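Visitor: I'd like a guided tour of this model, with a word on how to read each feature. Could you take me through it?

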Amino acid sequence: MSLISISLQIAFREPGCPVCRIRQETERRYLFHLMYEGVNDGMTRMHLIRSLGLCPEHAWALQATEQEWWHDGLGIGIIYEDLARRVHNILSASLARSSWARLHRRTRWRRWLEERGRVGRWLARWLPARAPAQPLLSRLSPSGPCRACELVGESVETHLSWLVRQMADREFRERYAASDGLCLPHLRRALEIAEDEETVRCLMEVAATKLDDLVTNLKEYVRKHDWNNRAEPKYAWEQVSWLRAVAFFAGEAPEGREEEVYRLRCKALADYRARPERS
Ligand SMILES: [Zn+2]
Ligand SMILES: [Zn+2]
C-alpha cells in the first residue's frame, strides 16, 4: 500500500474532509521543517526571497509555529531581517535614481499646462502619462508563489487524484463512504479529475448521503430552538451541525491552536463525527 493511500485512510478516520486534513498536515509539516532546519537552507531562503516571505495566511501560521514549538522568534527574525533589508535596498536605490527628478519636472510641466485653459489642457493630454511608482511596484512584488501554498496545492492534487482513481476499489470506496466525505471545494475538484461515470456516481452518492444527514441534523437543530420543543433531547451532532455545514462549503477551518473558537470547532468536529450510523 502506498504512502498516499495510507495517509488517505488515516484521514478517513478523522473528523472532517479527509483532503482538508491532509492539506493541514502538509502545511504543518512544511512550516515546522522550515523553522527546524530551513532557516539557513539556501533553497528555502531562495523561495522566501522569490515570494517576499510567505503569503499572509502562511506567514502568520509560521510565526505561530515558532511561538508554539520554540517560544521564540529567532527564525522569523533571521528570515525577515534579510527580507526587510532587501526591500530597504530597493527603496534606497529607487530614491537615489535621477529619473525621479525627471518625473517630478514632467508632473510640474503637466500641471502648469493644465492651468492654462482649454488649449493647455489639450496639450497636457499629449504628455506621456505614466504612474510614477510603476517600475518600483514591480520590484516590490513577489516574483513567485508562496512555497507553502505551492506544496499544499501539489499535495492536495496528488491525494485527490489517488482518491478518485481508487474509487474503483470496493474496499477503498467503503472506507471513503464511512468518512465525513469531501468538502464542496474538494468534491468539485474530484469531479473535475474523475474520468469515468462510475467514479462520478460514487462521489455524488457519498456526497448526497452526507448532505442528507446534514440537512436533517440542521433542521432538528433549528427546530429544537423553539420554546415548544425545549424538552426534546438535544444530540451533540445536531448541536454542531451548523459548524459542519460551514466546513462543507468552505473547507475545514485553518488551525489556531490557542483560540477558544478553534477549541469549539475541534469539539464540534468530534461531536459530529460521533453521530450514530444511518440505519
Ligand atoms: Zn476539503
Ligand atoms: Zn501560502
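Predicted model: local features only at pLDDT ≥ 70, side-chain atom pairs only at ≥ 80, totals over all residues.

Visitor: Which domains does the assignment give?

Guide: Domain bounds come from an automatic or database domain assignment. Here, domain 1 is made of 3–72 + 145–273, and domain 2 covers 102–139. The C-alpha centres of domain 1 and domain 2 are 52 Å apart.

Visitor: Now the helices. At what angle do the axes of α1 and α9 cross?

Guide: Helices are DSSP runs (H or I, at least four residues), numbered from the N terminus. Axes are lines fitted to C-alpha atoms, for helices over the stretch in contact, and angles run from 0 to 180 degrees between N-to-C directions. Take α1 (residues 3–13) and α9 (residues 147–166): their axes come within 10 Å and cross at roughly 85°. That makes α1 roughly perpendicular to α9; the classes are under 35 degrees for roughly parallel, over 145 for roughly antiparallel, 65 to 115 for roughly perpendicular, and oblique for the rest.

Visitor: Which residues make that contact?

Guide: Two residues are in contact if their C-beta atoms, placed from the backbone, lie within 7 Å. From α1 come Ile 4, Ser 5 and Leu 8, and from α9 come Thr 158, His 159, Trp 162, Leu 163 and Gln 166. The residues of this α1 and α9 contact divide into 4 nonpolar, 4 polar and no charged. The classes work like this: Ala, Val, Leu, Ile, Met, Phe, Trp, Tyr, Cys and Pro are nonpolar, Asp, Glu, Lys and Arg are charged, and the others, Gly among them, are polar.

Visitor: And how do α9 and α11 pack?

Guide: Helix α11 (residues 184–193) packs on α9 at an angle of about 60°, with the axes 9 Å apart. That makes α9 oblique to α11. On α9 the contact uses Leu 160, Ser 161, Leu 163 and Val 164; on α11 it uses His 186, Arg 189, Ala 190 and Ile 193. By class, that α9 and α11 contact has 5 nonpolar, 2 polar and 1 charged residues.

Visitor: On to single residues. Is Arg 265 buried or exposed?

Guide: The count is of other C-beta atoms, placed from the backbone, within 10 Å of a residue's own: 20 or more is buried, 12 or fewer is exposed, and in between is partly exposed. Arg 265, in helix α15 (residues 260–273), is buried because it has 21 other C-beta atoms within 10 Å. Leaving aside neighbours within four places in sequence, Arg 265 is in contact with Leu 243 and Ala 253.

Visitor: Where does Asp 196 lie?

Guide: Asp 196 is in the loop between α11 and α12 (197–223). With 11 C-beta neighbours inside 10 Å, Asp 196 counts as exposed. Asp 196 and Val 164 are 32 residues apart in sequence, yet 9.8 Å apart in space, C-alpha to C-alpha.

Visitor: What is the phi of Leu 52?

Guide: Leu 52 isn't a glycine, but has a positive phi of about 50°. Leu 52 is in the loop between α3 (42–50) and α4 (56–70), and counts as partly exposed, with 17 C-beta neighbours inside 10 Å. His 71 is another non-glycine with a positive phi, near 45°. His 71 is found in the loop between α4 and α5 (74–96) and counts as exposed, with 7 C-beta neighbours inside 10 Å.

Methods. Residues numbered from 1 in each chain as written. Chains lettered and ligands numbered in written order. Helix = DSSP H or I, 4+ residues; strand = E, 2+ residues; numbered from the N terminus.
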